[in-house]
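Here is a short briefing for a first look at this structure. Keep the 3D view open as you read.

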Amino acid sequence: MFGLEALDLARIQFAFTISFHILFPAITIGLASYLAVLEGLWLKTHNDTYRDLYHFWSKIFAVNFGMGVVSGLVMAYQFGTNWSRFSDFAGSVTGPLLTYEVLTAFFLEAGFLGVMLFGWNKVGRGLHFFATVMVAIGTLISTFWILASNSWMQTPQGFEIVNGQVIPTDWLAIIFNPSFPYRLMHMATAAFVATAFFVGASAAWHLLRGKDNPAIRKMLSMAMWMALIVAPIQAVIGDFHGLNTLEHQPAKIAAIEGHWENKGNEATPLILFGWSDMKEEKTRFAVEIPYLGSLILTHSLDKQVPALKEFPPEDRPNSTIVFWSFRIMVGLGFLMIFTGLWSLWLRKRDTLYTSRPFLYLALWMGPSGLIAILAGWFTTEIGRQPWVVYGLMRTADASSNHSFMQMSITLILFVVVYFALFGAGLGYMMRLVRKGPKVDEGKETNDGGPGQKRTPARPLSAADDNHVDADHSLTKEI
């Protein structure tokens, strides 16, 4: 069907499950640090706005965290079910790295998550803040180990192959492989940016509907400061990441650029738009800027970038896909920088919270960070093909011996179950966002502490079941 084989379906299934999964950890990473900042500011300033925002976003964090755990477990099982040959070949590296993630990050998160969510009236302020910080650190440690494993598959080192299996010889070299620092910084920063625009879109939605209070304004203000500062930093990190990829995975860069051949000693142009045709081995309808490809990728005006025709056809990534996925990521990145700069201009004019054109832009930019993350992961993973472990094991040699029918049935089941289960979870999370923070929460209860009563932040009892406003729902707007 559609010319697909069992291997193609296995790849589609893994891409589908990891695309669902990556959205939840990205928001979890950003929200965990955001919550730690909110509680720290509340303890320092005694401004109840920070406390109200903490309780509001902790509910959304809890739902998001739960969906991330569930989707991650399903994805991990696929290493054994659909990619057993890869697990047999490289499991001695990837297995321990994922185990370290569980023993450090997941145990840390699980140990303090209950205190963070339900301990507001059970423990003192200092201990509760410590629990929040530990959860935030746990999410970053989890990112560390996951990116170490994936980066090793991109730039493997610190091993030897014995009897057809990878045997670790230097764990420091395995963990701190050449692409790991750049990929770790790129992903962690992307999570912060994505969360900032998610928070900013939530605030913009309420402001556009006339719900203007200090908590909503603080949400938008903090989100736009993060966008203004971190989005340009992400662009710089991306540049360093590109230079590293050019050194270790030149075929990926050639595919991203849609660059098929070099002409004499001419500098490499930058192809802004076009259609990279794998069959014809050229980029159709190319819109080029002379010299700019060399300037961006080699930081010179005369050096050439490796071309796709320099690699055997069987070693070329699918340029048609990564050419556009990369441009989607970069295009959204520029829009994020523009949004941050516009917010600064409006802030100076004291119209940040009243400019409806800007608020609509902030609203529509809500999912931009998540879309950019997906586009970035598509670029790096499809750009690694045809290798599952770069230069060592081809994807075709890594899959389990399943039939086309088996993969078709499981893929259909995954699609149905995921859209039903996580669709309901996302819908509930949007209901929480739509409800907004309670600015009078501090008047109804005290500030918590040892022996003092306070309703804990229960995510499953936070949404108002009677609240129905389909015409103005946040989900419909986004």
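The model is predicted.

**Nonpolar cores**
- The largest nonpolar core has 94 residues.
- Within this core, Tyr34, Trp57, Ile60, Phe61, Phe86 and Met219 touch the most other members.
- Helix α1 (residues 6-45) supplies the largest share of this core, with 18 residues.
- Leaving aside residues up to four places away in sequence, Ile60 touches Leu31, Phe198, Met429, Leu432 and Val433.
- A second core, separate and made of 11 residues, includes Val193, Ala227, Val230 and Leu332.
- In soluble globular proteins, nonpolar side chains tend to be buried together.

**Helix α13 and its end**
- Helix α13 spans residues 404-435, which is 32 residues.
- From its first C-alpha to its last, α13 reaches 46 Å. That is close to the 46 Å expected at 1.5 Å a residue.
- Gly436 follows α13 and has a positive phi, near 80 degrees.

**Helices α8 and α10**
- Helix α8 covers residues 250-257, and helix α10 covers residues 319-348.
- Their axes come within 7 Å and cross at roughly 75 degrees. Angles of 65 to 115 degrees count as roughly perpendicular, so α8 is roughly perpendicular to α10.
- On the α8 side, Ala255, Ile256 and Glu257 make the contact. They meet Ser319, Val322, Phe323, Phe326 and Arg327 in α10.
- The residues of this contact divide into 5 nonpolar, 1 polar and 2 charged.

Conventions: Residues numbered from 1 in each chain as written. Predicted model: local features only at pLDDT ≥ 70, side-chain atom pairs only at ≥ 80, totals over all residues. Heavy atoms only, no water. Core = buried A, V, L, I, M, F, W, Y, C linked by side-chain atoms within 4.5 Å. Buried < 20%, exposed > 50% of the residue type's maximum accessible area, 1.4 Å probe, protein only. Helix = DSSP H or I, 4+ residues; strand = E, 2+ residues; numbered from the N terminus. Contact = heavy atoms within 4.5 Å. Expected span 1.5 Å × (residues − 1). Axes fitted to C-alpha atoms, helices over the stretch in contact; angles between N-to-C directions. Parallel < 35°, antiparallel > 145°, perpendicular 65-115°, else oblique. Nonpolar A, V, L, I, M, F, W, Y, C, P; charged D, E, K, R; others polar.
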